[in-house]
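Hi there,

Here is the structure I promised to pass on. Have a look at it first, and my notes follow below.

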Amino acid sequence: MTAAARVLGRLVERGETLAVAESLTGGLVAADLTSVPGASRSFRGSLTAYATALKGEILGVDGSLLAERGAVDPEVARQMAAGVRRALGADWGIATTGVAGPEPQDGQPVGTVYVAVAGPSGVEKVSALRLNGSRADIRRESVRSVLELLASELGGNVRAQDTEQTGGN
């Protein structure tokens, strides 16, 4: 069973919903989730805010924060997760922002990624990742990491069960 299937199963058990905000992953998190039969029982939708301006305009990320630090920042990730949760009316919001390459962005090196989760009762967590590999590797690991972060908040770790999907890495 994939990480996406396990997370969606937990959400259904809890009667909760999920929304996704993506930047560097460009829809891969949503694609992973919607590949699971029955995903619509808990997955509300996603917003791919690839352009920095959209993070502010659609997700409500503070404009001065974006101007000062750029889009690759832990607080930006946190605000993206909270913003998509609010915008799509979900119990949980998760977000990805970072640099997949090939060039650095906002003064951050390739492989710098932040994944975040926002949920009920003020739950907000951000994980900073320093990833290696190709652009595809960085994006794939970002998807796995954001789903694992959510799983940890829902009460479990999905990494051990997700080795087939990620090639055992």
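Over which residues does pLDDT stay under 50? That happens over residues 157-169, pLDDT being the predictor's confidence in each residue, from 0 to 100. For this stretch the model has 22 contacts beyond four places in sequence, where contact means heavy atoms within 4.5 Å. For the protein, the mean pLDDT is 92, and 92% of the residues reach 70 or more.

Some ground rules before the details. This is a predicted model, in which local features need pLDDT of at least 70 and side-chain atom pairs count only at pLDDT 80 or more, while totals for chains, interfaces and linings use all residues. Residues are numbered from 1 along each chain as its sequence is written, and side-chain values use heavy atoms, with hydrogens and water left out. Helices (H or I, at least four residues) and strands (E, at least two) are DSSP runs, numbered from the N terminus.

Now the sheet. It is open, with 5 strands in the order β2-β1-β3-β4-β5 and mixed pairing; two strands pair if DSSP finds at least two bridges between them. At the edges are β2 (43-48) and β5 (124-130), each of which pairs on one side only. From one strand to the next, the twist averages 15°. Axes here are lines fitted to C-alpha atoms, for helices over the stretch in contact, and angles run from 0 to 180 degrees between N-to-C directions.

Going through the pairs:

- β1 (residues 18-22) and β2 run parallel and are joined by 5 bridges. A21 has L47 in β2 as its bridge partner, and E22 stands opposite T48.
- β3 and β4 run antiparallel, with 6 bridges; T97 has Y114 in β4 as its partner.
- β4 and β5 are antiparallel too, over 7 bridges, and A118 is partnered by E124 in β5. The two strands form a hairpin with 5 residues between them, and S121 in the turn has a positive phi of about 60°.

β4 deserves a look of its own.

Finally, more on α6. This helix covers residues 135-154, 20 residues in total, and reaches 29 Å from its first C-alpha to its last, close to the 28 Å expected at 1.5 Å a residue; the expected span is 1.5 Å times one less than the number of residues. After α6 comes G155, with a positive phi near 105°. D137 lies in α6 and counts as partly exposed because its relative accessibility is 32%. The C-alpha atoms of D137 and G111 are 9.6 Å apart, with the two residues 26 apart along the chain.

Happy browsing!

Note on methods
Buried < 20%, exposed > 50% of the residue type's maximum accessible area, 1.4 Å probe, protein only.
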